[in-house]
Amino acid sequence: MTSAIRVLLADDEDLIRAALAALLDLEPDLTVVAQAADGRTAVDSALAHRPDVAVVDLEMPGLDGFGVTTELARLLPDCAVVILTGHGRPAHLPRALTAGARGFLPKGSPAGALADVIRRVHAGGRYVDPALAADALSIPPCPLTPRELETLRLAEYGAPVAVVARRAHLSTGTVRNYLASAVQKLGADSRAEAVRIARDNGWL
């Protein structure tokens with residue numbers, strides 16, 4: 001008899017995580033071996049329990065789904081990662097695949113779909129939600145340079161220019177120039193709006 005596929009579930013919403021666990025445990029060939037409520041715990045649990053597949057929510061505190069996927073690809077490459085998203089922005093798809101995810105689907109998918117995706121990625125395949133894949137083809141290219149993106153990312157949570165400059169090892173004048181250029185290129189009225197536009201498009 002083939003052993004069951006060992007699954008880790010990571011989602012910061014307790015009700016969703018419990019519901020997914022209950023649904024997956026109804027499948028005779030799947031068993032949930034660990035659950036986590038945040039990204040860092042997800043990585044630690046994966047290292048402790050060695051699941052075959054990790055099902056990871058995109059938006060979690062501490063370490064988001066992209067971060068968890070990147071960490072598991074490095075630390076536990078035999079564990080296939082499926083990312084679930086409640087806010088399926090098309091630009092998230094290429095980031096997920098680049099991070100190493102083998103599956104990407106919305107939380108609103110039919111109950112049996114997740115189990116099928118788990119089986120598929122465990123067998124070495126991939127799965128991307130068709131609607132998200134089609135939308136991803138229309139993503140505009142990022143108009144910002146790598147340095148502009150880096151300074152915008154460092155300034156994302158309102159960090160002062162001096163702090164951004166120190167973290168980026170740049171002068172304050174150079175940081176101001178990069179940020180002003182990013183705001184102008186994105187057609188934003190402020191740094192905060194530039195961050196929002198870049199994040200909505202999946203560039204940050």
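I'll start with the whole chain and then go residue by residue.

Housekeeping: this is a predicted model, so local features need pLDDT of at least 70 and side-chain atom pairs count only at pLDDT 80 or more, while totals for chains, interfaces and linings use all residues. Residues are numbered from 1 along each chain as its sequence is written, and side-chain values use heavy atoms, with hydrogens and water left out.

Along the principal axes, the C-alpha atoms fill a box of roughly 65 × 35 × 30 Å. There are 204 residues, and 43% of them count as buried. Buried here is under 20% relative accessible area, exposed is over 50%, and partly exposed is in between, with a 1.4 Å probe and protein chains only.

Now contacts, meaning heavy atoms within 4.5 Å. Take the ones between residues at least 6 apart in sequence: 63% of those join residues at least 24 apart.

Charges, quickly. We have 21 positive and 24 negative side chains, and the centres of the two sets lie 8 Å apart. Lys and Arg count as positive, Asp and Glu as negative, and His and the chain ends are not counted. Each charge is placed at NZ of Lys, CZ of Arg, CG of Asp or CD of Glu.

Okay, on to Asp57. UniProt, in an unreviewed entry, lists Asp57 for "modified residue: 4-aspartylphosphate". UniProt positions are in the numbering used here, feature names are shortened, and annotations may be inferred rather than shown by experiment. Where does Asp57 sit? In strand β3, residues 53–57. Why does Asp57 count as buried? Because its relative accessible area is 4%. Leaving out residues up to four places away in sequence, Asp57 touches Ala10, Asp11, Asp12, Gly65, Leu84 and Lys107. With Lys107 there is also a side-chain to side-chain polar contact, at 3.3 Å. For a polar contact I mean a pair of N or O atoms within 3.5 Å; within protein, one must be able to donate a hydrogen and the other to accept it, and residues adjacent in sequence count only if both atoms are side-chain atoms.

Next, Arg17, in helix α1, residues 14–25. Arg17 has a relative accessible area of 12%, so it is buried. The Arg17 side chain makes a polar contact with the side chain of Asp14 at 3.1 Å. Beyond four places in sequence, Arg17 touches Leu9, Asp11, Asp12, Gln35, Ala36 and Ala37.

Over to helix α3, residues 65–75, which holds Thr70. Thr70 comes out at 43% relative accessibility, so it counts as partly exposed. A polar atom of the Thr70 side chain lies 3.0 Å from the backbone oxygen of Phe66.

If you like checking backbone torsions, here are two spots to look at. Arg50, in the loop between α2 (39–49) and β3, has a positive phi of about 50° although it is not a glycine. His169 also has a positive phi, about 60°, and is not a glycine either. His169 is in the loop between α8 (161–168) and α9 (172–185), and counts as exposed because its relative accessibility is 70%.

Staying with helix α8, that's where Val163 sits. Val163 is buried, since its relative accessible area is 18%. Val163 and Val175 are 12 residues apart in sequence and 10.0 Å apart C-alpha to C-alpha.

Last one: Ala188, in the loop between α9 and α10 (191–200). Ala188 is at 12% relative accessibility, so it counts as buried. Apart from neighbours within four places in sequence, Ala188 is in contact with Val183, Glu193, Ala194 and Ile197.

That's my tour; over to you.

Definitions and conventions. Helices (H or I, at least four residues) and strands (E, at least two) are DSSP runs, numbered from the N terminus.
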